[in-house]
Amino acid sequence: MKSTKASARAKKQASPRQNDRQFVTALGRGLDILQCFTTANPELGTSQIARMTGLPQPTVWRLCHTMTELGFLVPVADQDRLHLGLPVLTLGYAVLASQRIGEIAKPYMEAIAKRYQGAVSLGVRDGLNMIYLQRCQGSSIILADLSIGSRVPLAYSATGWAYLATVPENERKQLIGEFRVVDRQKWAAIEPSFEAALKKYKKTGYIVSLGSLHPQVNAVAVPVPARDGSMLLTVSSGGINSVFMDKVLHEVGSELNALAEKLGRAINRDTKL
């Protein structure tokens, strides 16, 4: 059975980057394969990987063999399956460890999460996704399967919308072009909501997403840009739509703006809050 995620990966092969002469296709395909492995799917066979990426089976075999030789993938004993090797985990931990800002933000995020019984996340862009550097839960019923290292789509999450709201217009248009390539119909359905949220963001400083990532979850997010543009984080909070209505979204958005200002100072000065 081909999942939505698999379809998105398959369509991504036709993205505008294939016209980029500097883009190394083989490397990109190898990284796409590594991203198939998640906490929900820690072990995969090459046929599963082929379905998830949309790549031909022989191509997957060659890439997986190469990454197995290098230690990035490891065969599962007595099974025709693979799991991630230590080099990948080492890289991941190195990235997370380098983001000291996540630990700095944690107590402030926990306070907001508990106060509003939602979830608060600190994210950074990863391709067409946002990856969580920090995640705090105020309620176990709010997308509890998401944690540090989880990815959510740039196009359909509040944290992604906060990123899109901050980047230069030409970059935003380029990314939207990629969304259309990946899933034109889905983006067409959500684009009016994004455009309306973008207009309100320019007045309030926070962007609101009503059910775009999950139909029962509303969320609000703000950007945390570094002064020199070297890092663009976003901080977001979501909760069930019966609680996260206009008044709460406004209150949480205001708190996130205050937190983003503190985090911005910490990034720009490289000091503790």
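**Cavity, helix and loop**

Modeller: This is a predicted model. A search of the whole structure finds one cavity of 30 Å³ or more.

Biologist: What makes it a cavity rather than a pocket?

Modeller: A 1.4 Å probe fits in a cavity but cannot get out, whereas a pocket is an open set. About 170 Å³ of space lies in the largest cavity.

Biologist: Which residues lie nearest the centre of the largest cavity?

Modeller: Its lining has 20 residues, and Tyr132, Leu213, Val217, Ala219 and Gly238 lie nearest the centre. Elements giving two or more residues to that lining include β4 (119–126), β5 (129–137) and α7 (158–166). β8 (217–225) and β9 (232–240) are also among them. β9 gives the largest share, three residues.

Biologist: How does the lining divide into nonpolar, polar and charged?

Modeller: There are 10 nonpolar residues, nine polar and one charged. Gly counts as polar here.

Biologist: Which residues of helix α3 are buried?

Modeller: In α3 (residues 46–53), they are Thr46, Ile49, Ala50, Met52 and Thr53. They cover an arc of only 165° around the axis, so they sit on the same side of α3. After α3 comes Gly54, with a positive phi near 80°.

Biologist: Why is Gln117 called partly exposed?

Modeller: Its relative accessibility is 44%. Buried means under 20% and exposed means over 50%, so a value in between is partly exposed. Gln117 therefore counts as partly exposed.

Biologist: Where is Gln117 found?

Modeller: Gln117 is in the loop between α6 (101–116) and β4. Its phi is positive, near 50°, in a residue other than glycine. Most residues other than glycine have a negative phi.

Terms used: Residues are numbered from 1 along each chain as its sequence is written. This is a predicted model: local features need pLDDT of at least 70, side-chain atom pairs count only at pLDDT 80 or more; totals for chains, interfaces and linings use all residues. Side-chain values use heavy atoms; hydrogens and water are left out. Buried means under 20% relative accessible area, exposed over 50%, partly exposed in between (1.4 Å probe, protein chains only). Helices (H or I, at least four residues) and strands (E, at least two) are DSSP runs, numbered from the N terminus. The arc is that of the directions from the helix axis to the C-beta atoms. On a 1 Å grid over the protein atoms alone, a cavity is a set of points where a 1.4 Å probe fits but cannot get out, and a pocket is an open set with protein on both sides within 12 Å along at least five of seven lines; lining residues have an atom within 4 Å of a point. Grid points are joined across faces, edges and corners, and a volume is the space filled by probe spheres set on the points.
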